[in-house]
Structure formats: structure tokens, C-alpha cells
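Subject: Structure handover

Hello,

Here is the structure I said I would pass on. My notes on it follow below.

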Amino acid sequence: MIAGALAYYQYHSWRNRMSARIRRLRQPKYLSGAIVGGLYLYFYLFQGFGLRHRGGVARPAMPGLSGGPDLTLTLAALIFMTILLLAWIFPHSRTALAFTEAEVSFLFPAPISRKSLLHFKLLKSQISILFSALLITIIRHRWAGGPFIPRMIGFWAGLSVLNLHLLGSSFAVTMLMDRGISTWRRRLFIFGAIAIAAVGFYFWVRHSLPPLPDPEERHGFGWAFRYIGLIFSTGPLSYVLYPFRLVVAPYVASTYAQFFAAIGPALAMIGLHYIWVMRSNVAFEEASVEFSRKIADLRTAARSGQGRALRPPKKAVRAPFVLRPTGQPAIALFWKNLISTGQYVTFRVWLILIPVAVSVGMSLQTQSGRGPGLGMAVMLLVAVLLAISLFSGPHLLRNDLRQDLPVADVLKMFPMRGWQVVLGEVLAPAAVLAALQWLLLLLGAIMCPSQINHAAVPLGMRVCAALSAAAVLPCVDFLALLIPNAAALYFPAWIQLGKDGPRGFETMGQQLILAVGQWLALLLGMIPAGIAFGLFFFAGSYVHWPLLGLMSGAAGAAIVLAVEAALGVKWLGRSFERFDLSGELPQ
Amino acid sequence: MDTAPPRITETEAAAAPPQIKVDGLTKLYGDFTAVNDLSFAVRPGEVIGLVGPNGAGKTTTLRCLAGIIPPTRGRVFIGGFDLARQPIEAKRKLAFFSDEPRLFEYLTVNQHLAFVARIYGVAGCQDIARELLVELEIADKADKLPGELSRGMKQKLAIACGLLHAPSVIFFDEPLTGLDPLGIRRMKDSILKRARDGAAILISSHLLHLLEEICSHVLILKNGRKVIDGTLAEVRERFSEQAGSNLEEVFFRATGETKAEP
């Protein structure tokens, strides 16, 4: 009866969730996202099947390592053993099973036995395990081929043992805690046991250890894997790995015969773990109630925009500068968002970072002598990091409207013009991004060799290039940041606001459309700046080539970008003023 | 309970121009009419209780008046300024307190006050902030993050932030939710103190007996429409069968809701 009620709850929760997702496909913004997301998934995951059917690139059935299937099995068992070992080392609190608050309210006071609750929890976790096994197998199949069903069942068996072992070990850890054994005493004991076992095994097998390969055979990491595999396949260490090999064997099986031989012992391991978990008489209810409440609080906070993340700040961050009570109110939002970035954006940190960058650069420059090798390597690294900051920075630094839109009701009450809100919001990530880029430019200017490909690069040229880039980059950053903020205002349902974003493959499709749209918009915005750069560069070069050309070109581009950014702020400000909270955001 | 004499008399209040003036306010959510052609005015020193059953449109009304959501039709004047045409001037005069305190998790109590002071341009904010923190009994929490405060303290911080710029129009949405008896008493005193200082106050709450203690006027909404507004005495007179009826009885008669038999 109880099992029926729990199954009813689980089935209808899932069905209602799915029907809600299907219903929202009536809205064009979700439908378009679903189409794009579906096509992406199809081409990414399922095209592999089609390719093979059409005689595409054939992949080995079992790629493994060059050491053969047994080495793969040994290494997989070793990884599995390490993961399980960590489950005994890391936990520092009592067992807390993740129930939702509603489950706690309805199930804990209900006449349901502890065994039934555990069964419910285990069955619930089986849904995500099965889904994960299916997804991972599809992805793996796409790239590595092999028998599909055995791989999936093998992965399911591994994950099931892992899930049960994590639960069982957490019960055991709780029991140890109840007997007064502290977390650190437990860890000390485990590390001690590992150390004693390692020393004992060494002395046991030291005479039979396989010799290290010759130095000329030690290329890459392959030899190390093969050597480790060899050690764990011989002598007593193979017995240590034996139970873990049983668990991973179905997954690494390359033929149906191997799979059928391996699946029986793996299922037996699942059964043994199940008995262990069910027989562990540990109270989990109290810790689970606390855990569920914490998760619910954090989710609610994140949804309402009051929580910055699922991990709220633990300690106060020093303000980056003293905020005077009068003046441009946009600076208050800038100040607030700098604080939200964390403790790494205070002026003190930058005052330390700059001399450190200068002294590191100078010292490397001195060590590298006259050779351009190190300088070129650092220049290349700086260029790569600058490119990453330009492409990924606006997505990673989200302490702007994307963070604050869930509290848009608070922003709306402020006596501020829309453009002031937008300016204040976007300034903080733009400033952090620009500061990072300036630091990189400083390092690049110091490390730039005085000769590249036999062409002299005098100090004036280096400084001039760095200054030009330093003038243009903040404007590009600001413009690049305006675009996702505009998307947040115009398509709030598409953007992950706060930290608790929407889910589903239609959401993935929306993200793809947005990413493409964002880069197209930025490219369009860069065209006038590029034209301005060209015009000013030629005009300046006419007077003094190339320094004045470069600087005047950069100044021209920066002015155009700044005008575009100002217009963008003005337009987005009007959009914010017209933004109707009752239409889009959860109330 | 605070019984200090009012700094603004009833005669002065009646003669003063309304601090809140609502004219034909209508708010539609798609086809659904949340608030329908609502008009009323609140003068300085008046405390008006906004009551109605669930879904009557109380919160939507408050959010429209605070400038959080735009009305579909109608006009709202705050301190004489048209909220749609002069939003900055109007918003400088108002404060809105929602039932759940809306705070920034990463700003300390002091940082919240500094932030709000800059937004509203409150010169000499440090002294005012200190006084408010002392009055609200959270002066010792000045460097704490909201996550380190209890719900009541968070609410006090939200109140401190809202009162920092000395608003002349104050909106409360269920201000007494989650407060302990002492907190309720202090909140009532605080509301009455602001009213005596000349603020026009609009409070939405389901706690009718508490509203009865602090409100001079009442506005009853049902299905987004105004049923009645006026002084407590006027409303009682219209909807009471006998003299001395309380607001609860008036509410049930006015809204046509059935009161559960004891």
C-alpha cells in the first residue's frame, strides 16, 4: 500500500513536470529553443549511429589503452576503489538523505517504516542513475562505439554500487560519530591504514615488482598507466582490486560473452551493498530534515534573487572604496556589485597584483637574457588569456542585471533613471574584466621581446601598443556585457537569472540561440569601430608611422565604441523602465 | 503602546493635500483584471488599512503604487508627483516594505545602509543610520550579513533601509508577518510614530484586530474593486448591524464572506 502511494507520488510528479514542460512549448520562445536544442542533441549524440550506418569513420569496439582490455579493467577498478575510499575520508557530518521539504512534511510523520523510506530513496535515485547511464552511454557510443546495451547496463551497475556504497559508508561514518570518533580521528586512521598497507605490500612484493621501463621507452603517460596496471594485476594487489574489478567488469566488457560472464558478480555486489544499507541501523531523519530545509531555503533565496548562489557568502567582504552618501546613484550599484564579486576586487588586491606582475615580468625578462623564447611564450599566453577574457568574460562575470533581475522589484523602487540602473549594473563586471586585461597587457608589454622575427620592437612601440589595447578593451568589454544584459531584459525566460536557472533541452536551445545572437550583435557593433580605427590609423600614420597611427586608431575606435555603449545604455535604460515585472519574473 | 500626541492634527491633515492620490487605477494580467478602477486618497498622518480576501488585488495595488509594476490604466500621485511622469521625484518620497524582507545577501547591515543612502542621496546618513539601528535594536549587528540575521532582524534591517530617507509615503505589505509579540508592538509603535510625523501610510494585512488598533481609515477590496473606503467609524456605520462592531464583522459583511461559526 505504502509502495503504491510512493510510486503514485513519483509517477505523477514526473508526469506533471513533463506536461508543464510540454505545455510551455506553446510559447514561441520555448518552442524555438526546443527545436534548436533538439537538433543540437540529435547532431551531437545520435549522428554517430548514422555515420556508422553510412560507412563513416569506424571506431575500435573497445579502444581501451594500448595495454589491452585487462589494463583498462585494472585502471577502471583502481579509479573506482579511489572514489569509494574518498567516501570514507571526506564526509564530516551525519547521514542526510536528500528529501524535498514536501517529502519531509508528508512522508516523515506518515506511518511509513524506515525501510520503506529507504526503498523510496533508493528507487528515486535509480531514476537519475538510469538516465545518467543512458546519457553517458549515448555520448560514449558516439565517440567510442562498442556494444550499447551491455555498456549501459555496466554503467548502471557501477553507478548503483557507488550510490549504495556512498549511502552505506555515510551510515557507517554516522555510527562512528555516535561512538565519539571524530572526523579527524577517522581520517587519521584511514590514512594510517593506507600507509601501513602500502608499506606492507611493498615489502611483500618488492622482489617480484616488474622492472621500470627503460628511459627511452617512457614517452607520455601511457607507460606509467601500463606500469601501474601491471603492478595491480600481479601479486597481492590484484586481490585488493578484485571486488572493484567485479563491479566495473561489465562496463569494460568488449564482447557479449565477457559481459554475460561479468554481470552476475556485479549484480551480487549490488545485492551485498543493498543488504549492508538496509541492515545499517542509523537514524537519518533529523539530519535529512535539516538538510532538506537548507536546500529549500537556498533554492527559495536563489529564485527570489536574495541568494547569490546555492552557497551564500560566509563572511562579509570589505567594500572596495568608501561610498559617499551623495553623488551619482549608479555608483552605488557599481559599489554593491563589486562587493558581490568577492574579496578579490578590492583596490588593495590590485595594488599588490600590479607590482607582483611587474617584478615577475622583469625577473623573467632578465632570466631569459637576449633570447626571445620565453618572451614570445608569455606574449602568446597573454594573447590567449586576453582572447578568453573577451569571449568568456561576459558569460562568467554575471554580477550585473543577470544577477539582480530577480530583485528587479527592489531596483524599480529606487529613484533612478533606467540608464542609471543599467550603467551601475554593467560597470562592475566591465571594471573587473578591464582590470584583468590591463594586468595582462602590463605583463605582455614587459615581456615582449625587443626583436620579433628579426624586426625590432622598441620600447615605445610596446608601450604604445599596450596603451592602445588598454583604451579599446574596456569599451569592447562594456559593449559585450550590454548584450547579455539586453537579452536578460528582453528574454528573461531564456537567461539564467540568479543561480537557479530553468531546465530542459529547450533551455539548452535557447542558450545556443542567445550565444550565436550575442556574437553576431557584438560583431555588428565592432564594424563601425573597425572602420574608425582604419580611418584614424591612416590619418595618424600620415603624420608619424606607426606610433601615432596606432594610438589615434585606438582612440578613434574607443570613441566609437564608447558612443555605441552610451547609446546602448540609454536604450537599455528605457527598456528597463518599461520592463513589466508582472509579465515575466516569478512573483 | 505609543500614545504620544500627534505632531499633525486631524484638522491639519484634512486640510493638507493628499500624499497618495489614486485615480482610476486598473491593472490587467492578460485577460484577468487584478485591480479595477480604484480611486482613493491618503492625507498626511493618515494610516489606511487595505483589506480584502485572498486575490482581492491588495499586493498588486501596493506594487503599482510603489512603482514596481506599471498600472494598465489610471494615475497615481505620490507627494503630489505623478508616478508615471515624474517617477524619480515620486519615488524619493516613498518606501515600500514587502512581507518578505528583500536584502542583498552579500552586503552587511552597514553596507546596506550606505548603499541606500547613496541611492537616495541622504546627506549625513551616518547619524540617521546609527539612530535607526539603535531604535530598531540591531546596532550590534552592523557588520553582519543578512544570512547571519534572524527573520525578524532582517525585517528590521529592511525597515531601517526604507526609513533612512525619511519617506513621507509608506506602504506596508503584511508588515507583521513572522514577528514575535514584542516585534509586533514595536512595529505598531513605529508605524504610529511615522504617521504622527506626517507620513501617509497604507498597510495591507489580514490581521484585522491589529489594523483596528493602528489605522485611522480602511479601504476594503474585493475582486479588484473597491467595496468601501473611509474612516473606521464611517465604515463601521455602513456595514454594522449594531454599534461597536469590530473590523472583522465589518469585513465579513462588506465582502460577503461567511464567518465560521465558533
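How many helices and strands does the secondary structure of chain B come to? There are 10 helices and 10 strands in chain B; helices (H or I, at least four residues) and strands (E, at least two) are DSSP runs, numbered from the N terminus.

Before the details, some conventions. Residues are numbered from 1 along each chain as its sequence is written, while chains are lettered from A and ligands numbered from 1 in the order in which they are written. This is a predicted model, in which local features need pLDDT of at least 70 and side-chain atom pairs count only at pLDDT 80 or more, whereas totals for chains, interfaces and linings use all residues.

Overall dimensions of chain B

Along the principal axes, the C-alpha atoms of chain B fill a box of roughly 55 × 45 × 40 Å. The radius of gyration of chain B is 18 Å, which agrees with the value near 18 Å for a compact globule of 262 residues. That radius is taken over C-alpha atoms, and the globule rule is 2.2 Å times the number of residues to the power 0.38.

The antiparallel sheet of chain B

An open sheet of 4 strands in chain B has the order 2-1-4-5, with antiparallel pairing. Two strands pair if DSSP finds at least two bridges between them. Strand 2 (32-42) and strand 5 (81-82) of chain B are the edge strands, each pairing on one side only. Strand 1 of chain B is joined to strand 2 of chain B by 7 bridges, and the two run antiparallel. Within this pair, B:Leu25 stands opposite B:Leu38 in strand 2 of chain B. The hairpin of these two strands has 2 residues between the strands, and B:Gly30 takes a positive phi near 65° there.

Strand 1 (residues 20-29) of chain B also pairs with strand 4 (residues 73-78) of chain B, in the antiparallel sense over 5 bridges. B:Thr26 has B:Arg73 in strand 4 of chain B as its bridge partner. Helix 2 (residues 58-65) of chain B lies across strands 1, 2 and 4 of chain B, at about 120° to strand 1 of chain B. Axes here are lines fitted to C-alpha atoms, for helices over the stretch in contact, and angles run from 0 to 180 degrees between N-to-C directions.

The mixed sheet of chain B

A second open sheet in chain B, of 6 strands, has the order 6-7-8-3-9-10 and mixed pairing. Its edge strands are strand 6 (94-97) and strand 10 (225-231) of chain B, each of which pairs on one side only. From one strand to the next, the twist averages 15°. Strand 3 (residues 47-51) and strand 8 (residues 200-204) of chain B pair in the parallel sense over 4 bridges, and B:Val47 stands opposite B:Ile201 in strand 8 of chain B. Helix 10 (residues 247-255) of chain B packs on the sheet, touching strand 3, strand 9 (217-222) and strand 10 of chain B. Two residues are in contact if their C-beta atoms, placed from the backbone, lie within 7 Å.

Helix pairs

Helix 4 and helix 6 (residues 151-163) of chain B pack at an angle of about 25°, with their axes 9 Å apart. The two helices are therefore roughly parallel to each other; angles under 35 degrees count as roughly parallel, over 145 as roughly antiparallel, 65 to 115 as roughly perpendicular and the rest as oblique.

In chain A, the axes of helix 17 (residues 418-447) and helix 18 (residues 459-490) come within 8 Å and cross at roughly 150°. That makes helix 17 of chain A roughly antiparallel to helix 18 of chain A. Helix 18 of chain A also meets helix 20 (residues 547-578) of chain A, where the axes come within 9 Å and cross at roughly 15°. This second pair is therefore roughly parallel.

Where the chains touch

In chain B, 31 residues are in contact with 31 residues of chain A. Helix 3 (87-92) and helix 4 (109-120) of chain B are the elements that give two or more residues to this side of chain B. Helix 4 of chain B gives the most, with 7 residues. By class, this side of chain B has 20 nonpolar, 5 polar and 6 charged residues. Ala, Val, Leu, Ile, Met, Phe, Trp, Tyr, Cys and Pro count as nonpolar, Asp, Glu, Lys and Arg as charged, and the others, Gly among them, as polar.

Regards
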